[in-house]
Amino acid sequence: MNRTAVLLSALALSAFPAGAALAQLAPASNAPIDVSADQLVAQNQQCVATWKGAVEARQGTSRLRADTLSIYEKVGAGTNQGQPPSVGAVSGKCGSDPQKLVADGSVYYATPQEVVKGDHAVYLAESKTITVTGDVVISQGKNVIVGNTLVIDTDTGQATMESTAKGRGAPGRVRAVIFPSSNQAGGLFPSTPARP
C-alpha cells in the first residue's frame, strides 16, 4: 500500500508548475509524470491547485484517475526571507511540499500488482496517512477486500479497513476473498516495500 502513498504525494510535482517537490507516481521510476484533465485551477493566494474533469495521472505503468484532484501547499513555506520568489514559481508564499492532497469522485489507482478504488481519498503530510472512503475495493490478482474506510500509515505501511456495518451476518461488513495460491505477498493487503 505504500505505492498508494507514493502516488498521492507525487502529484504535487504536477500541481504547481514550478517549485514543486520531486516525487514519484510509480515506485522506483524515473519516467515523467503525465497529468491531464479538462481544467487546472491554481488559487495562488490559497496555495491550492485543482485538476478538474476526468483527471488522469500516469508514470510508467502506474495510473491515478479521479473526477477532481486538489493539492494544498503550506502557506508561507516557500517564502525566502528578503528574497524575491524564484523564476516560474506559482507564488512566493507557497511551499514546495504538499500538506494535503484530495482526490474526489471515482478514485482509481492501478499498478501492475494492485488496484485501489474508492469515492474519496485524502493524504495528510503531517500525520503521514492516506484515507480512502466510500465503496473501497482493493484487488491484487483474484484477491479482493472491500469496506467503507481504508486508512494507511505511510511510515509503517500498516493498513486498516473498516466498515460501518457491525455484527455477524450484517450486510456490508469488511470482507475479503483470498485465493492462497495467488497470494504471493503472503498477507491480506498488498506488500509494503521496506523503507530506506
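Buried means under 20% relative accessible area, exposed over 50%, and partly exposed in between, with a 1.4 Å probe and protein chains only. This is a predicted model: local features need pLDDT of at least 70, side-chain atom pairs count only at pLDDT 80 or more, and totals for chains, interfaces and linings use all residues. Residues are numbered from 1 along each chain as its sequence is written, and side-chain values use heavy atoms, with hydrogens and water left out.

**View 1. N143 in strand 8.** N143 lies in strand 8, residues 143-153. Strands are DSSP runs (E, at least two residues), numbered from the N terminus. N143 is buried, at a relative accessible area of 4%. Its side chain reaches the backbone nitrogen of F179 at 2.7 Å.

**View 2. V144 and its contacts.** V144 is also placed in strand 8. V144 is partly exposed, with a relative accessible area of 28%. Leaving out residues up to four places away in sequence, V144 touches V137, I138, S139, R175, A176 and V177. Contact means heavy atoms within 4.5 Å. The C-alpha atoms of V144 and E114 are separated by 9.9 Å. These two residues are 30 apart along the chain.

**View 3. The hairpin of strand 8 and strand 9.** The two strands pair in the antiparallel sense over four bridges. Pairing requires that DSSP finds at least two bridges between strands. Five residues lie between them in the hairpin. In the turn, G157 has a positive phi of about 80°. T149 stands opposite E162 in strand 9.

**View 4. The faces of strand 9.** Side chains alternate along strand 9. A159 and M161 point to one face and are buried.

Notes: A polar contact is a pair of N or O atoms within 3.5 Å; within protein, one must be able to donate a hydrogen and the other to accept it, and residues adjacent in sequence count only if both atoms are side-chain atoms.
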